[in-house]
Amino acid sequence: MNDGTQKMTTRTLDRAWHVGVLEDDAQLREGIIIPGLRYFGFQVTGASSAADLYRHMLTRRFDMVVLDIGLPDESGLNVVRHLREISTLGIVMLTGNTGMDDHVTALTRGADAFLNKPVNIEVLAATLHSVARRLAGAPGVGGSSPPSAGLGRWRLDTDDWCLVTPAGHALPLTAPERCILRVLMAVRGEPVSREKLISALTSDIYEFDPHRLEMMVHRLRRKAQDAAGQPLPLLTSRGQGYLFASES
């Protein structure tokens, strides 16, 4: 995640959903979840205890919270109930317990989703984007494209951090993927040179290996194919670059 990602995230970020991550395992929180979610476009603040999260909430506004059930000072299930009583935050629970009781209790108390550990960061990002789309019309929550916009075609959603398939399935995008698609989809049907795409990805085009762009496009195509069961209309324009085919 350090191949120019920080630079590209800064260049592409317009508005990030702000997520609080309440996890007492510092290595998991700081080493995996927080950098992973930032790579998928979220603004993230970590907290090691319920009291720590509550202190953060006094000075900043969260759109969503990811929280573990097992905490040192308060049960995560009680935190869910408290947050739901005072806010419309999106809430995603994490637990290492595979039993059903905690799942049912968390959802009953107001959690939006429940994931087992070890959590896959891409799955967590997709879950948060799904919650974000449901929250888009709620007062005090950040904006997004209307859920019905562009149905039946490939489109970008949740401030362009998700690629939505024609069937309506959302794929979370990394910062480089988002950058590539924003440039290409802004001029659907028109070729964009490799040089222009590279300049959008980095401020130092001479240090950027063009083969990295080919690898990014390949991974993006495969990711979309696996999710949608149909090819992404991101085509190679011989001698010119790439284009995102018009779906008119």
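First, some ground rules. Residues are numbered from 1 along each chain as its sequence is written, and side-chain values use heavy atoms, with hydrogens and water left out. This is a predicted model, where local features need pLDDT of at least 70, side-chain atom pairs count only at pLDDT 80 or more, and totals for chains, interfaces and linings use all residues.

**The whole chain**

The chain has nine helices and 10 strands. Both are DSSP runs numbered from the N terminus: helices are H or I with at least four residues, strands are E with at least two. Of the 248 residues, 47% count as buried. Here, buried means under 20% relative accessible area, exposed means over 50%, and partly exposed is in between (1.4 Å probe, protein chains only). A contact means heavy atoms within 4.5 Å. Among contacts in the chain with a separation of 6 or more, 60% come from residues 24 or more positions apart.

**The sheet and its helices**

Five strands make up an open sheet in the order E2-E1-E3-E4-E5, and their pairing is parallel. Two strands pair if DSSP finds at least two bridges between them. At the edges are E2 (43–47) and E5 (113–116), each pairing on one side only. On average, neighbouring strands of this sheet are turned by 20 degrees against each other, direction ignored. Strand E1 (residues 18–22) is joined to E2 by five bridges, and the two run parallel.

For the angles, axes are lines fitted to C-alpha atoms (for helices, over the stretch in contact), and angles run from 0 to 180 degrees between N-to-C directions.

| Helix | Strands touched | Angle between directions |
|---|---|---|
| H2 (residues 26–39) | E1, E2 and E4 (90–95) | about 160 degrees with E2 |
| H5 (residues 100–108) | E4 and E5 | about 155 degrees with E5 |

**An aromatic pair**

The structure holds one aromatic pair. The rings of tyrosine 39 and phenylalanine 40 have centres 6.1 Å apart and planes at 80 degrees, so this pair is edge-to-face. Rings of Phe, Tyr and Trp (its six-membered ring) pair if their centres lie within 6.5 Å; planes under 30 degrees apart count as stacked, over 60 as edge-to-face and the rest as tilted. Both tyrosine 39 and phenylalanine 40 are buried.

**Where H7 meets H9**

Now for helix H7 (residues 175–186) and helix H9 (residues 210–228), whose axes come within 10 Å and cross at roughly 90 degrees. That's why H7 and H9 are roughly perpendicular to each other, a label for angles of 65 to 115 degrees (under 35 is roughly parallel, over 145 roughly antiparallel, and the rest oblique). From H7, the contact uses Pro176, Glu177, Ile180 and Leu181, while H9 brings Leu213, Met216, Leu220 and Lys223.

Methionine 185 also belongs to H7. With a relative accessible area of 11%, methionine 185 is buried. Leaving aside neighbours within four places in sequence, methionine 185 is in contact with Trp154, Arg155, Leu156, Leu163 and Phe244. The C-alpha atoms of methionine 185 and serine 246 are 8.8 Å apart, though 61 residues separate the two along the chain.

**A hairpin**

Strand E9 (residues 234–237) and strand E10 (residues 241–244) run antiparallel, joined by four bridges. Leucine 235 has leucine 243 in E10 as its bridge partner. Three residues lie between the strands of this hairpin, where glycine 239 takes a positive phi near 80 degrees.
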